[in-house]
Amino acid sequence: MVVCKGFVEDLDESFKENRNDDIWLVDFYAPWCGHCKKLEPIWNEVGLEMKSIGSPVKVGKMDATSYSN
C-alpha cells in the first residue's frame, strides 16, 4: 500500500491480505469515470478529517479497473 495525497491510501491487490481487523472506508473507482473524478477531492477531505479527529477508520481508494477480484 502506498500513501497518496492527504490521508487516503492508494490500495493494491495486497489490501485484502493486509487489512487485518482495521476499519476502512474504500472508494472503488474507475479512472475514466466522471463521477469518480468529482469525488476525488471530497474523498481526500474525508481522509484528512478522519486523521484530524483521531478516528481509527482508515480511508483508501482502489482502481477497480486494475483489481477486479
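Tutor: Before we start on the charged residues, a salt bridge here is a side-chain nitrogen of Lys or Arg within 4 Å of a carboxyl oxygen of Asp or Glu. This is a predicted model, in which local features need pLDDT of at least 70 and side-chain atom pairs count only at pLDDT 80 or more, while totals for chains, interfaces and linings use all residues. Residues are numbered from 1 along each chain as its sequence is written, and side-chain values use heavy atoms, with hydrogens and water left out.

Student: OK, how many salt bridges does a search of the whole structure find?

Tutor: The search finds two. In one of them Asp 22 pairs with Lys 58, with 3.0 Å between the closest N and O atoms. Asp 22 sits in the loop between α1 (15–18) and β3, whereas Lys 58 belongs to strand β4, so this pair ties together parts that are 36 residues apart in sequence. Helices (H or I, at least four residues) and strands (E, at least two) are DSSP runs, numbered from the N terminus.

Student: Are Asp 22 and Lys 58 buried, exposed or partly exposed?

Tutor: Asp 22 is partly exposed at 34% relative accessibility, and Lys 58 is likewise partly exposed, at 32%. The cut-offs are under 20% relative accessible area for buried and over 50% for exposed, with partly exposed in between (1.4 Å probe, protein chains only).

Student: And which side chains meet in the salt bridge with a 3.4 Å distance, N to O?

Tutor: Those are Lys 61 and Glu 40. Lys 61 is in strand β4 and Glu 40 in helix α2, 21 residues apart, and the pair thus links distant parts of the chain. Lys 61 counts as buried at 13% relative accessibility, while Glu 40, at 29%, counts as partly exposed.

Student: What else does Lys 61 do, say with the face of Tyr 29?

Tutor: Lys 61 lies over that face, 5.6 Å from the ring centre; the test for a charge over a ring is that NZ of Lys or CZ of Arg is within 6 Å of the ring centre and within 35 degrees of the ring normal. The C-alpha atom of Lys 61 is also 5.8 Å from that of Leu 11, although the two residues are 50 apart along the chain.

Student: Switching topic, which residues make up the largest nonpolar core?

Tutor: There are five: Val 8, Trp 43, Met 50, Val 57 and Val 59. Helix α2 (34–52) and strand β4 (57–63) are the elements that give two or more residues to this core. By definition, a nonpolar core is a set of buried Ala, Val, Leu, Ile, Met, Phe, Trp, Tyr and Cys residues joined through side-chain atoms within 4.5 Å.

Student: What is Trp 43 in contact with, apart from its neighbours within four places?

Tutor: Its contacts are Val 8, Leu 25, Val 26, Asp 27, Val 59, Gly 60 and Lys 61. With the same exclusion, Met 50 contacts Leu 25, Ser 55, Val 57 and Val 59.

Student: How many aromatic pairs turn up in the whole structure?

Tutor: One is found. The ring centres of Phe 15 and Trp 24 are 5.1 Å apart with the planes at 85°, so the pair is edge-to-face. Rings of Phe, Tyr and Trp (its six-membered ring) pair if their centres lie within 6.5 Å, and planes under 30 degrees apart count as stacked, over 60 as edge-to-face and the rest as tilted. Phe 15 is buried at 10% relative accessible area, and Trp 24 is buried at 16%.

Student: Last one, what is the phi of Asn 20?

Tutor: Its phi is positive, about 55°, although Asn 20 is not a glycine. Asn 20 is located in the loop between α1 and β3, and is exposed, with a relative accessible area of 61%.

Key:
Contact = heavy atoms within 4.5 Å.
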